[in-house]
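Welcome! Take a look at the sequence and the model first, then read on.

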Amino acid sequence: MTNEKPSGIGKAIAYAERKKTKEALFVLSERLTRQEIIMKIPDQTAASVVAALNKLERRYGKRFSKIFKSITFDNGSEFADCAGIEKSIYGKNRKRTKVYYCHPYSAFERGTNENINRMIRRFLPKGTDFRKVTAAYIHRIESWINNYPREILKFSTSNDLFTAHIATI
């Protein structure tokens, strides 16, 4: 764990959207293509975040560490298990990613994530009870965001760019 972030691609910013309800959203932003991954997690614990990352690592296989070379988290307690977050499911001594933490009260270090949270809140305002939100609805939100043409991507969609990027790995 360190505060010095390398420059380059293959980074991600993650955030577990904390609410008054037990369940939460885990939002992971792939930095090169701005592909968003939104998952409902059962609670705001470090174990739930590690389980979500394990699920994603199984989805992407050994490409996970090439897609997400580093992940930057805020300082929430749900991101406290640095060793569990970095440890790959594909081997005892294999790392899946490198973890960085933002400085306290420095939301500007997670600008992409803050913008994506604003987009998510179009559909799920603050205070939403995530127990009533289905995985299908979360997937629709994720799909809408990933298929929305963005100026930062020269009006391409993150979905198109991510698909092309994955093909090169």
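**The overall picture**

Of the 169 residues of the protein, 50% count as buried. Please keep in mind that this is a predicted model. The chain forms six helices and five strands, and along the sequence they follow the pattern β-β-β-α-α-β-α-β-α-α-α. Among contacts with a separation of 6 or more, 62% are between residues 24 or more positions apart.

- Let us begin with strand 2 (24-30). Seven of the seven residues of strand 2 are buried, so the rest of the structure largely encloses this strand.
- Ala24, Phe26, Leu28 and Glu30 point one way from strand 2, while Leu25, Val27 and Ser29 point the other way, and all of them are buried.
- Strand 2 pairs with strand 3 in the antiparallel sense, over six bridges.
- Within this pairing, Ala24 stands opposite Ile41 of strand 3.
- The two strands form a hairpin with five residues between them, and Arg34 in the turn has a positive phi of about 65 degrees.

**Strands 4 and 5: a parallel pair**

- Strand 4 (residues 70-73) is covered on both faces: Ser70 and Thr72 are buried on one side, and Ile71 and Phe73 are buried on the other.
- Strand 4 runs parallel to strand 5 (residues 98-101), and four bridges join the two.

- How well does the span of helix 1 fit its 15 residues? At 1.5 Å a residue they should span 21 Å, and the end C-alpha atoms are 21 Å apart, so the two values agree.
- The buried residues of helix 1 are Ala46, Ser48, Val49, Val50, Ala52, Leu53, Asn54, Leu56, Glu57 and Tyr60.
- An α-helix has 3.6 residues a turn, so residues three or four places apart point the same way.
- The cover over the buried residues of helix 1 includes strand 2, strand 3, helix 2 (64-67), strand 4, helix 3 (82-86) and helix 6 (158-168).
- After helix 1 comes Gly61, which has a positive phi near 65 degrees.

- The largest pocket has a volume of about 230 Å³.
- Its lining is made up of Arg34, Thr112, Asn115, Ile116, Arg118, Met119, Arg122, Tyr148, Arg150 and Ile152. Arg34 also sits in the turn of the hairpin of strands 2 and 3.
- By class, the lining of the largest pocket divides into four nonpolar, two polar and four charged residues.
- The second largest pocket holds about 200 Å³ of space.
- Ile37, Ile38, Met39, Lys40, Lys55, Arg59, Ala135, Ile138, His139 and Glu142 line the second largest pocket.
- Strand 3 (36-41), helix 1 (46-60) and helix 5 (135-146) each supply at least two residues of that lining.
- The lining of the second largest pocket has five nonpolar, one polar and four charged residues.

**The loop between strand 5 and helix 4**

- Cys102 lies in the loop between strand 5 and helix 4 (111-120). Is Cys102 buried or exposed? With a relative accessible area of 4%, Cys102 is buried, because buried means under 20%.
- Cys102 touches Thr72, Phe73, Asp74, Asn75, Glu109 and Arg110, leaving out residues up to four places away in sequence.
- The C-alpha atoms of Cys102 and Thr72 are separated by 6.7 Å, although the two residues are 30 residues apart along the chain.
- Tyr105 is in this loop too. Tyr105 counts as exposed because its relative accessibility is 87%.
- Tyr105 is not a glycine, yet it has a positive phi of about 60 degrees.

**Toward the end of the chain**

- Lys154 is found in the loop between helix 5 and helix 6. At 74% relative accessibility, Lys154 counts as exposed.
- Lys154 is a residue other than glycine with a positive phi, near 55 degrees.
- Ile169 has its place in the segment after helix 6. At 33% relative accessibility, Ile169 counts as partly exposed.
- Leaving aside neighbours within four places in sequence, Ile169 is in contact with Arg63, Lys66 and Ile67.
- Ile169 and Lys66 are 103 residues apart along the chain, and their C-alpha atoms are separated by 7.4 Å.

Key: Residues are numbered from 1 along each chain as its sequence is written. This is a predicted model: local features need pLDDT of at least 70, side-chain atom pairs count only at pLDDT 80 or more; totals for chains, interfaces and linings use all residues. Side-chain values use heavy atoms; hydrogens and water are left out. Buried means under 20% relative accessible area, exposed over 50%, partly exposed in between (1.4 Å probe, protein chains only). Two strands pair if DSSP finds at least two bridges between them. On a 1 Å grid over the protein atoms alone, a cavity is a set of points where a 1.4 Å probe fits but cannot get out, and a pocket is an open set with protein on both sides within 12 Å along at least five of seven lines; lining residues have an atom within 4 Å of a point. Grid points are joined across faces, edges and corners, and a volume is the space filled by probe spheres set on the points. Ala, Val, Leu, Ile, Met, Phe, Trp, Tyr, Cys and Pro count as nonpolar, Asp, Glu, Lys and Arg as charged, and the others, Gly among them, as polar. The expected span of a helix is 1.5 Å times one less than its number of residues. Contact means heavy atoms within 4.5 Å.
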